[in-house]
Amino acid sequence: MAEAIQIPSAAASTVMPPRPRAPRGPAGLAPGSPSGIGATALGAGLPKVPRPRRSQPLRDPEITDELWARIEPLLPVRVRRRRYPGRMPLDDRAVLTGILVVLARGIGFERLPKALGYGSGMTCWRRLRDWQQADVWPALAQLLEDELPDGKRIDFRRVATAAGPDTPVTRRPTPPRAKQPSAVAAEFGMTLLR
């Protein structure tokens, strides 16, 4: 019926050592591996490729009671409707702290975590828009830049109203882009004349 395969005793006593494996980086790629999706962007495991670092404040900005006493008179008073008043608005201090967290971290308003307790990013963005339309934000931003401990590291220019109260609020940081020629124009060595 079924025959058992006999292994010679000399071969059974010989144990083959495991093959040495190349060390793997965090992305699962070998350090010298030229191919790997995202390996150049991550800079993980590749020699002489610096990992990108973000410069962030050491902690999220906090508004002290003394600073809030100077800020509160600058803010416009919001009057609720008597009929159908809607949901209670969030505290201005919490929303202002949320705006400062967005600006300090350099993230978009939609990326503000709700778990921090500053409301949603959209709430912070709308309140900032309201303060800009009421022409309160420039004085408020100047006061915060001067009085906060990390105020000089926060980019208030990102939401500055240079043209007036009708200018839309920037929602996320956008780097200035230079005009690039099309692929066909670049192939033939054409440059932009304007």
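Reader: What pattern does the chain follow, read along the sequence?
Author: Going along the sequence, you get α-α-α-α-α-α-α. This is a predicted model, and its secondary structure comes to seven helices and zero strands.

Reader: OK, and how much of the chain counts as buried?
Author: Of the 194 residues, 28% count as buried.

Reader: What share of the contacts join residues at least 24 apart?
Author: That's 58%, taken among contacts between residues at least 6 apart in sequence.

Reader: Let's talk core. Which residues touch the most other members of the largest nonpolar core?
Author: Those are Ile71, Leu96, Ile99, Trp137 and Leu144, out of 31 residues in that core. The elements giving two or more residues to this core are α3 (65-71), α4 (92-105), α5 (121-133) and α6 (137-147).

Reader: Which of them gives the most?
Author: α4 does, with eight residues. As a general point, nonpolar side chains in soluble globular proteins tend to be buried together.

Reader: What does Trp137 touch?
Author: Leaving out residues up to four places away in sequence, Trp137 touches Leu96, Ile99, Leu103, Leu128, Trp131, Gln132, Phe156 and Val159.

Reader: Now the helix pairs. At what angle do α4 and α6 pack?
Author: About 70°, and their axes are 13 Å apart. Angles from 65 to 115 degrees count as roughly perpendicular, so α4 is roughly perpendicular to α6. α4 passes α6 in a right-handed crossing.

Reader: Which residues make that contact?
Author: From α4 you have Leu96, Ile99, Leu100 and Leu103, and from α6 there are Trp137, Leu140 and Leu144. By class, the contact of α4 with α6 has seven nonpolar residues, no polar ones and no charged ones.

Reader: And α4 with α5, what's the angle there?
Author: α4 and α5 pack at about 100°, with their axes 9 Å apart. That makes α4 roughly perpendicular to α5.

Reader: Who's in that contact?
Author: α4 brings Asp92, Val95, Leu96, Gly98 and Ile99, while α5 brings Thr123, Cys124, Arg127, Leu128 and Trp131. The residues of the contact of α4 with α5 divide into six nonpolar, two polar and two charged.

Reader: What is glycine 98 in contact with?
Author: Setting aside neighbours within four places in sequence, glycine 98 is in contact with Leu112, Tyr118 and Cys124. The C-alpha atoms of glycine 98 and tryptophan 125 are separated by 9.3 Å, with the two residues 27 apart along the chain.

Reader: Where is tyrosine 84, and is it buried or exposed?
Author: Tyrosine 84 sits in the loop between α3 and α4. It's exposed, with a relative accessible area of 60%.

Reader: And aspartate 135, what's its phi?
Author: Aspartate 135 has a phi near 60°, a positive value in a residue other than glycine. You'll find aspartate 135 in the loop between α5 and α6.

Reader: Buried or exposed, that aspartate 135?
Author: Aspartate 135 is exposed, because its relative accessible area is 55% and exposed means over 50%.

Key. Residues are numbered from 1 along each chain as its sequence is written. This is a predicted model: local features need pLDDT of at least 70, side-chain atom pairs count only at pLDDT 80 or more; totals for chains, interfaces and linings use all residues. Side-chain values use heavy atoms; hydrogens and water are left out. A nonpolar core is a set of buried Ala, Val, Leu, Ile, Met, Phe, Trp, Tyr and Cys residues joined through side-chain atoms within 4.5 Å. Buried means under 20% relative accessible area, exposed over 50%, partly exposed in between (1.4 Å probe, protein chains only). Helices (H or I, at least four residues) and strands (E, at least two) are DSSP runs, numbered from the N terminus. Contact means heavy atoms within 4.5 Å. Axes are lines fitted to C-alpha atoms, for helices over the stretch in contact, and angles run from 0 to 180 degrees between N-to-C directions. Angles under 35 degrees count as roughly parallel, over 145 as roughly antiparallel, 65 to 115 as roughly perpendicular and the rest as oblique. A crossing is left-handed if the near helix is turned anticlockwise from the far one by less than a right angle, and right-handed if clockwise. Ala, Val, Leu, Ile, Met, Phe, Trp, Tyr, Cys and Pro count as nonpolar, Asp, Glu, Lys and Arg as charged, and the others, Gly among them, as polar.
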